[in-house]
Amino acid sequence: MRACGSGLKVISEVLLILLWSVIPSWAALGELESSVGADANVLQGQAQEQLRTGYTLHEITLTRGARLREYVSPAGRVFGVSWQGPFTPNMQQVLGAHFSDLQQYAQSQTRRRGGPLVIENRDFVFFHSGHMGWSSGRAYVPSLVPANLSPEVVR
Amino acid sequence: MTGGKNSPKCELRSPKSKAHRAAVSAGLLLWVAAAGLTIAGCGTTTYKNIALPVVTVSPASTSVAAGGSIQFTVSVVSSTSTTISWYVNNVQGGSATLGTVTSAGLYVAPPVVPTPSTVTVKAVSSAESNPSGSAIVTITAGATGLSAVAPGDSSTPVSTTVQYTATLEGDASPAVNWSVSGVAGGNSTVGSITGAGLYTAPASIPSPPTVVITATNAVDSTQVASTTLTLTTSNAAPLFVNLGPEGNTGSQATTNYNGLYTNVTVCLPGTNMCQTIPNILVDTSSVGLRVLNSQLTTVPASELTTIRDSQNNQVQECVQFPDTSYAWGPALYADVVVAGEKASHIPIQVIGDTTYNVPASSCLSLGNGPSLSTVAALGANGILGVGSGVQDCGLDCAGGQTFSGYPYYVCPNNNCKVVAVPVAQQVANPVAYFAQDNNGVEIALPALPAAGAPQLPYTNADGSIFYPAGLLIFGVGTQSNNALGGATVYAKDGNGNFANVTFNGIPYPSGGLIDTRSNALYISNPATLGITACTDSPYYCPASPAVIPLTVEDVNGTSGEVTLDVANADLLLASNPDFSAFNDLARPGGTAYPADFFDLGLPFFFGRNVFVGIAGTTASGGVSAPNGYFAF
């Protein structure tokens, strides 16, 4: 966080935290916030919602440091997602329709053993790294990122 | 002359291929065993002469050592221009066993002398009636004549003996002189060898740990053959770098450059029924032994002790690696022996078992990557995870909440579901369960030239080009051979990584790690580093070799400098197509600032002694490392 904190107007940020005892609606990358994804069925944890300058951040915190974040534009669309924790969340549920981009990449990659996954398509950016016991990554759809935001808010 | 038992005065009818027509036209003796050819009036029909352009191949008769090459030239006396096709024994372009020939006439002899040892290289013109010319090539058993020393590249504990034999073509018991690393008869440092080839290893590991055993023909000192021998101790296993048990013939997704391997012995718990399995990938970023079901032969998986849940269902596991590949199969108890260290009755995973369907939620959470269920897909016979964990999951898998990605399953009625598994029944790091030397490992690999090396260990025939093997040494500061010395200890953060990596004055808080499983330096991206990516391969291709200086910082603020070499990968791999070990192979591993990530794979380890400490141990110097540590 230390690398980009100055890029955000933290002071003027309106912070609204709602703690839920049940899972709120949770949509996949690229989908409308109002659509309920399958994630809710498998993600059991504490959820909160923060209103930030230019976007809304949904975060589910799970056991042992695992968390999943969704970045929602004022238009109500999920433009970015990020994850970290001991295991990789089910990317089919996190990435929605963009899972096919990952599938395509997974099957076309060559000369690889180990190393992070990096996809930089015109309209889908994906990064995932990890090792046994730790998994971290993010994905966003450049065309859905609000014009006044850097995609680097997705982290 | 191919075959040649037949009378030349046989007219060939209905030849089906250009090659056959060409052979006939040129008046070659051709034994027409090939399908589709019939012989009419054999012995009575006069051969039919046709006026044709003349094709001449030179040299017309020559010999070449196995693996050597000859450039043939062809002249065509013809009124029209023609193109030339090349054949070896009527196989266009040749074959692996006969040798190959390029469209430019370069013949490359096979590595092994074929039977018969003579082949015909033929140039066929595209002109009317396909005139051809040919040359006879005799393949000899290598330039030295002394073809091999047995056993080949191998390892042995200190103070043991190994009987060597030399093979000389046509001589059952050749008179040879033996030397060890260039010393006739050897000495107490590198080990000694008798005139009869009995090698006695030294009492301690020499530096480097690999010696070269060379046999020289007593009657012709130009004839030499060499092999390597790596000395080990009870806490040090050999480390090999090569293209893996099936070379690079497997899936492109698991190309095996920079594959780091050792030998692991698996035993039925509490018995002497054991099997040593070579080509086990050594992985500092995972935990536990995983062995391919297909490789467990004398110790079959069906005889290992099962692990069961409270409903008596057998526990299965799926591990998905961050590169999307996954390993699926049961967790079973075995005794695991590496070098002279033994972990008794610990859970291992047997992968490639097809009893149950793959559960998608964890095996495929990153997408349908390759299943590591075969030697070709894994590029190894198994994986030995010697990372910082004691178990491969720990408390996360022992109860309470479960979510997508958990590795342990039971599959009643082939309906696999996540199951909590007590820590003691999870796949375990064998190192942590050794009776001694159980607080970590040291990976010691030799330095490499910028061009890389064919493999580790490697020697040419006379020992003049030599690269030693590495050592996987168990324990940190427990024996004379595993002292930390001046190494800096970097305590891992809660994620098992460096807390920070800085390049060019800019900190990258995503950090990074060092990782023997990764086959390249997966670092940052072209824009950040200012070096170009290759256009036709996934690596970096700087115009000239680049040097990337990084500062790595641990969770306590301890920092140090790391310098990485980055070669132009296209040039590097094209120049050394058979090489497997590279210290300067790098590819992009991040999207952009500030999410750049630095996964320093095997290239980082060459020329360094790197320690990986087990979680909860205290490194000498008093550095507490609840999450384990790297030191180098």
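## The loop between strands 30 and 31 of chain B

In this predicted model, B:F321 sits in the loop that links strand 30 (316-320) to strand 31 (326-338) of chain B. B:F321 has 23 other C-beta atoms within 10 Å, so it is buried.

B:T324 is buried because 25 other C-beta atoms lie within 10 Å. Its phi is positive, about 85 degrees, although B:T324 is not a glycine.

## Backbone angles elsewhere in chain B

Most residues other than glycine have a negative phi, and most peptide bonds are trans. B:N413, a residue other than glycine, has a positive phi near 55 degrees. B:N413 lies in the loop between strand 34 (408-410) and strand 35 (417-418) of chain B. It has 6 C-beta neighbours inside 10 Å and therefore counts as exposed.

B:S58 and B:P59 are joined by a cis peptide bond, with omega about 0 degrees. B:P59 belongs to the loop between strand 3 (54-58) and strand 4 (61-65) of chain B. Another cis peptide bond joins B:L456 and B:P457, with omega about -5 degrees. B:P457 is in the loop between strand 36 (440-444) and strand 37 (458-459) of chain B.

## Contact between the chains

In chain A, 45 residues are in contact with 52 residues of chain B. On the side of chain A that touches chain B, strand 6 gives the most, with six residues. The residues of that side divide into 19 nonpolar, 17 polar and nine charged.

Definitions and conventions:
Residues are numbered from 1 along each chain as its sequence is written. Chains are lettered from A and ligands numbered from 1 in the order in which they are written. This is a predicted model: local features need pLDDT of at least 70, side-chain atom pairs count only at pLDDT 80 or more; totals for chains, interfaces and linings use all residues. Two residues are in contact if their C-beta atoms, placed from the backbone, lie within 7 Å. Helices (H or I, at least four residues) and strands (E, at least two) are DSSP runs, numbered from the N terminus. Ala, Val, Leu, Ile, Met, Phe, Trp, Tyr, Cys and Pro count as nonpolar, Asp, Glu, Lys and Arg as charged, and the others, Gly among them, as polar. A residue is buried if 20 or more other C-beta atoms lie within 10 Å of its own, exposed if 12 or fewer, and partly exposed in between; C-beta atoms are placed from the backbone.
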